[in-house]
Structure formats: structure tokens, C-alpha cells
Amino acid sequence: MRVLVVTAVPVERDAVTRAFGDSFGGTEEHLSLPGAELHRRGAFDVLAGGAGPAAAAAATAFALASGAPASSPYGLVVSAGIGGAFTPVTPLGSLVVADGIVAADLGAETAEGFLPVTALGFGRDRFAPPPALVREVAAATGAATGPVLTVSTVTGTAERAGALLAAHPGALAEAMEGFGVAEAAARAGVPVLEVRAVSNAVGPRDRDAWRIGDALAALTDAFGAAASVLEGWNSHENLEG
Ligand SMILES: O=C(O)c1cccc(C(=O)CC[C@H]2O[C@@H](n3cnc4c(=O)[nH]cnc43)[C@H](O)[C@@H]2O)c1
């Protein structure tokens, strides 16, 4: 089954494709799509769609519409990259697999707190990846599972981190693309997953404390460990998922 993996930036894309280097053999094909270059290794198509949910949704939609060969359509979309963690349970360099992909700041601010867009009577504010796939990928990679928030602004204060956790109790991590990727995948009828390698703690901004290299290495290891689960995933055989 063909898998589309969408990252934000090229170094994340390359961290993912590196996982498929030796075991997959052959060469990496590069295909030009509107707005992004798709890197193909075996059953995996990986692209850097840009930072933020809008760029991610646009890039994912173009790839879903025109990236796969007719004989081998996409059966799964994965939003992947580095992310910030809310809890010490997910330390720097560890992994999170989302059991919910949540649009954390899509809605309205009120005197009583945040109202999700669904409370305003339209849209949606979360997607649920197939539970069995979440379990299998977490087991293969040693990842923690929990909600991953999609934000348009990287959290930079303890106050904002607290407000996000109050609005989304149990959130493990935040990043900027998952919900956009999920929205495009849902419209194409393709299941979605989000995998994040922790590069920093969510809270007061301290860019020097980000461990991007460790997180990118963890991302490579994760895709190496999960490749067969992802490629072998069949949503029709996993009706629960
Ligand atoms: O400076 C670099 O070398 C570098 C290498 C890889 C990625 C970056 C980014 O800044 C990517 C931003 C990307 O990362 C996600 N991210 C990571 N931590 C957080 C966070 O605490 N809150 C929100 N997003 C985070 C996010 O998905 C961005 O697209 C730099």
C-alpha cells in the first residue's frame, strides 16, 4: 500500500526518507508537484509541504490528487515531524503518536474561555486516526500516545501552555501541521496518522534548548521501526480502525 508522509520542512522530509535508505534499496525518485517536490522510496512518498496548517493542507491535497500512480493509490497519510511536548512523560528525543489530531486554536475566545469551532456550529476541530494503527505504530516505535494539538503560533509562555492544556486536557504535544494534513486526507477518504519526535518543551521560549538533531534522529528511527506496519496497514482488514 502506498503511504504519503507530509512534513513541514526539508530536513524533516530527509529524516524520514533516510529511514528507507538501505532496506528499501534502489534509488530515490523526485517528482515535481504544484508547490512541493515528492521524494519516493518504494511505497513511501514523502514531501515537505511547508509550515503551518494551511500550507500542509494545500500540499497534502495536491499530492493526494496527483502524486500517486493510478495503479498504486494512497491508502494512508502521515503527518510527521518534530514537535513540542507538554509533559515530562515525553522527554526530548522521544516520540508521540497522536490518538487525536486537534485544531487547538480554531474557534473563538470568550470571557469564559476558548470555544472550539464546533461549538460555534460549523466545521470540525479534531480527527481520530485509526486506533489499531495508533497502537501498532506506538508498539513498534516505543512512542507515547495521546492528543497532539495543531497550533498556528508556537507556544512561547507558561501562561499560554496552561491555557492550551486547560482547553485540551491530556494533550501530549503541539505542532503546526497535523490538522491541515488530516483535513485534506479526510476529504479524500484516506486514513491519517500523526507522528512527532519531541524537539522541545512547550512553554517559555528558549530556542537554545531545542534539540532538533536528536528529534530528527528519533524521527528516522521511528520510520525505520514502523515502516512495515505503515506499508502493511489495510483499513478494510482493520474495521475497528
Ligand atoms: O532550525 C532548524 O534547523 C530546524 C530544523 C527542523 C525544523 C525546524 C523548525 O522550526 C520546524 C518548525 C516545525 O516544527 C514543529 N514544532 C516543533 N516544536 C514546536 C512547538 O513547540 N510548537 C509548535 N510547533 C513545533 C512545527 O510543526 C513546525 O512546523 C527548524
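In which sense, left-handed or right-handed, does α3 pass α6? The points below take up this crossing, two further helix pairs, the ligand shell and a database annotation.

1. The model is predicted. Everything said here about packing and about the ligand should be read as a description of that predicted model.

2. The crossing of α3 over α6 is right-handed. Helix α3 covers residues 53-66 and helix α6 covers residues 178-187; their axes come within 7 Å and cross at roughly 30 degrees. Angles under 35 degrees count as roughly parallel, and α3 and α6 are therefore roughly parallel to each other.

3. On the α3 side, the contact with α6 is made by P53, A54, A56, A57, T60, A61 and L64. On the α6 side, the residues are F179, G180, V181, E183, A184 and A185. Sorted by class, the contact of α3 with α6 has ten nonpolar residues, two polar ones and one charged one.

4. A second pair is α1 with helix α7, the latter made of residues 212-232. The axes of α1 and α7 are 7 Å apart, and the packing angle is about 35 degrees. This crossing, too, is right-handed. V11, E12, A15, V16 and R18 of α1 meet L216, L219, T220 and F223 of α7. Six residues of the contact of α1 with α7 are nonpolar, one is polar and two are charged.

5. Helix α7 also packs with helix α4, which spans residues 131-141. Here the axes come within 8 Å and cross at roughly 135 degrees. Angles over 145 degrees would count as roughly antiparallel, and 65 to 115 as roughly perpendicular; α4 and α7 are therefore oblique to each other. α4 passes α7 in a right-handed crossing.

6. Which residues make the contact of α4 with α7? From α4 they are E136, V137, A140 and T141, and from α7 they are A222, A225, A226 and V229. This contact divides into six nonpolar residues, one polar and one charged.

7. The ligand has 20 residues around it, and those that come nearest are A8, A51, G84, A175 and M176. By class, the shell holds eleven nonpolar, six polar and three charged residues.

8. Which elements supply at least two residues each to this shell? They are α1 (10-18), β5 (74-85), β11 (173-175) and β12 (192-201). The largest share, four residues, comes from β5.

9. An unreviewed UniProt entry places the feature "domain: Nucleoside phosphorylase" at residues 49-217. In the model, the end C-alpha atoms of residues 49-217 lie 20 Å apart. The span is 30% helix and 30% strand.

How values were computed: Residues are numbered from 1 along each chain as its sequence is written. This is a predicted model: local features need pLDDT of at least 70, side-chain atom pairs count only at pLDDT 80 or more; totals for chains, interfaces and linings use all residues. A residue is near a molecule or strand if its C-beta atom, placed from the backbone, lies within 6 Å of it. Ala, Val, Leu, Ile, Met, Phe, Trp, Tyr, Cys and Pro count as nonpolar, Asp, Glu, Lys and Arg as charged, and the others, Gly among them, as polar. Axes are lines fitted to C-alpha atoms, for helices over the stretch in contact, and angles run from 0 to 180 degrees between N-to-C directions. A crossing is left-handed if the near helix is turned anticlockwise from the far one by less than a right angle, and right-handed if clockwise. Two residues are in contact if their C-beta atoms, placed from the backbone, lie within 7 Å. UniProt positions are given in the numbering used here, feature names are shortened, and annotations may be inferred rather than shown by experiment.
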